[in-house]
Amino acid sequence: MLYELPGFEHVDARDVKEVASLLHRYGGKAKVIAGATDLLGLMKDRVEGPECKIPEVLVSIKKIPDMMRIAYDKAAGLRIGAGVTLNRLAASDVIREEFTILFQAALQVGTTQIRNMGTLGGNLCQRPRCLYFRHPHFLCFKKGGSKCYAVTGEHRFYHSILKQGKCVMAHPSDLAPALIALKAEVMIMGPNGSKKVPLQEFFLGPNHAAETILNTDEYLTEIDVPVQSEKTYQVFLKERIRHAADFALSSVAAVARISEGNCEEIRIVLGGAAPFPYVALIAEETMKGKKLDDGLISLAAEASVREAKPLRMNGYKVDLTKTLVKRALGSLALSASRDEAASQ
Ligand SMILES: Cc1cc2nc3c(=O)[nH]c(=O)nc-3n(C[C@H](O)[C@H](O)[C@H](O)COP(=O)(O)OP(=O)(O)OC[C@H]3O[C@@H](n4cnc5c(N)ncnc54)[C@H](O)[C@@H]3O)c2cc1C
């Protein structure tokens with residue numbers, strides 16, 4: 001019968017090298033398991049594709065102390081082990097004070113129970129929320145089929161308004177836009193050692209069956225966030241249907257360096273809008289070096305969705321996203337002008 005968990009072997013890895021060697025030894029038959037909030041559901045629903053088989057071996061990273069650490073150094077920045085849970089992340093004083101959007105984004109993920117179990121690495125590697133993808137009876141493009149059922153089917157909530165391709169999913173992670181806005185990098189470990197990659201380059205586009213660049217024998221060990229320069233302001237906003245717990249209809253992470261009312265540097269990253277976290281480059285270009293006033297904020301909000309090509313039933317997300325961007329930028333401008341006034 002479907003919906004029963006298939007049998008699997010569970011291995012507690014003792015260190016980061018052992019994870020890589022186990023993944024390598026079992027080839028595509030093994031997968032990393034962390035909090036299990038996404039993976040076990042996918043296994044029950046028999047979700048698999050050409051690049052992602054139902055695993056026979058689950059390699060747990062939860063007993064590896066290095067992967068459970070949050071470390072901060074004023075020179076080196078923030079290092080978060082991929083196995084850190086979202087609630088631990090939100091409870092960290094340094095994250096709340098110095099990397100506020102990580103705190104804001106983590107607290108808006110799911111429920112307390114999900115945040116207690118779900119890890120940062122798992123949040124970045126979670127699979128799409130598209131109901132056709134998750135349903136055992138639909139062989140969609142991502143599962144090796146030839147079509148995307150959502151294009152002509154149900155796509156009101158968890159699908160893209162921008163940059164669709166063979167698949168029209170919207171990227172579900174709240175932490176990914178926040179981390180990209182902070183210019184985070186991820187450490188990928190494989191059988192031949194580790195490499196650091198900007199998080200922005202970690203995600204693939206809509207014409208791939210997988211969402212990330214990870215090979216079957218690679219996994220994330222840590223996420224590194226650089227120290228933010230002075231006069232940097234941050235905000236993460238998200239809109240969803242059920243405020244108790246829901247994925248983003250649209251979200252925006254904005255990080256700006258504002259000096260004497262001028263927008264010296266800005267990063268605007270959208271979630272829930274494209275098949276990957278979307279860096280709103282046109283909006284960023286519109287703002288750089290300019291006076292941060294209401295007129296500029298309106299122009300930037302328009303520019304953030306200039307590339308939008310909504311599907312038949314999700315056009316409302318264009319206005320929603322524009323409004324979120326406007327509010328986010330307004331909030332950055334307000335914080336900066338308050339600080340400016342206080343320092344005079
Ligand atoms: C009811 C519900 C509501 C949710 N709401 C939200 C929401 O509002 N916003 C949001 O952003 N997310 C939401 N989520 C997703 C949630 O954040 C993820 O399920 C969770 O973070 C995954 O972490 P995990 O440790 O449980 O991963 P697991 O389930 O253990 O793994 C998930 C996937 O990631 C892979 N993986 C895990 N760790 C690593 C690693 N270190 N390296 C490589 N691959 C890895 C696994 O192999 C698997 O493919 C929700 C989930 C549920 C079930």
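Helices (H or I, at least four residues) and strands (E, at least two) are DSSP runs, numbered from the N terminus, and two strands pair if DSSP finds at least two bridges between them. With these terms, strand 6 and strand 7 are joined by a hairpin through two residues. The structure is a predicted model, in which local features need pLDDT of at least 70 and side-chain atom pairs count only at pLDDT 80 or more, while totals for chains, interfaces and linings use all residues. Residues are numbered from 1 along each chain as its sequence is written, and side-chain values use heavy atoms, with hydrogens and water left out.

Five strands make up an open sheet in the order 4-5-8-6-7, with antiparallel pairing. Its edge strands are strand 4 and strand 7, each of which pairs on one side only. Neighbouring strands of this sheet are turned by 20° against each other on average, direction ignored; axes here are lines fitted to C-alpha atoms, for helices over the stretch in contact, and angles run from 0 to 180 degrees between N-to-C directions.

A three-stranded open sheet has the order 1-3-2 and parallel pairing. Strand 1 (9–12) and strand 2 (30–33) are its edge strands, each pairing on one side only, and the twist averages 25° from one strand to the next.

| Strand pair | Bridges | Direction |
|---|---|---|
| Strand 1 and strand 3 (residues 57–60) | Four bridges | Parallel |
| Strand 4 and strand 5 (residues 77–81) | Four bridges | Antiparallel |
| Strand 6 (residues 185–190) and strand 7 (residues 193–198) | Six bridges | Antiparallel |

Individual residues can be followed across these pairs: aspartate 12 has serine 60 in strand 3 as its bridge partner, alanine 71 stands opposite arginine 79 in strand 5, and methionine 189 stands opposite serine 194 in strand 7.

**An aromatic pair and a pocket**

The structure holds seven aromatic pairs, where rings of Phe, Tyr and Trp (its six-membered ring) pair if their centres lie within 6.5 Å, and planes under 30 degrees apart count as stacked, over 60 as edge-to-face and the rest as tilted. The rings of tyrosine 72 and phenylalanine 99 have centres 5.9 Å apart and planes at 80°, so this pair is edge-to-face. It links distant parts of the chain, with tyrosine 72 in strand 4 (residues 70–73) and phenylalanine 99 in the loop between helix 4 and helix 5 (100–107), 27 residues apart.

Tyr72 and Phe99 are also among the residues that line the second largest pocket, including Glu97, Lys231 and Gln234. On a 1 Å grid over the protein atoms alone, a pocket is an open set with protein on both sides within 12 Å along at least five of seven lines, a cavity is a set of points where a 1.4 Å probe fits but cannot get out, and lining residues have an atom within 4 Å of a point. Helix 4 (93–98) and strand 9 (232–239) each supply at least two residues of this pocket's lining, and the pocket has a volume of about 190 Å³.

**The cavities**

There are three cavities of 30 Å³ or more, and the largest cavity holds about 90 Å³ of space. Among the 14 residues lining the largest cavity, Cys130, Phe133, Cys140, Cys148 and Cys167 lie nearest its centre.

Key. Grid points are joined across faces, edges and corners, and a volume is the space filled by probe spheres set on the points.
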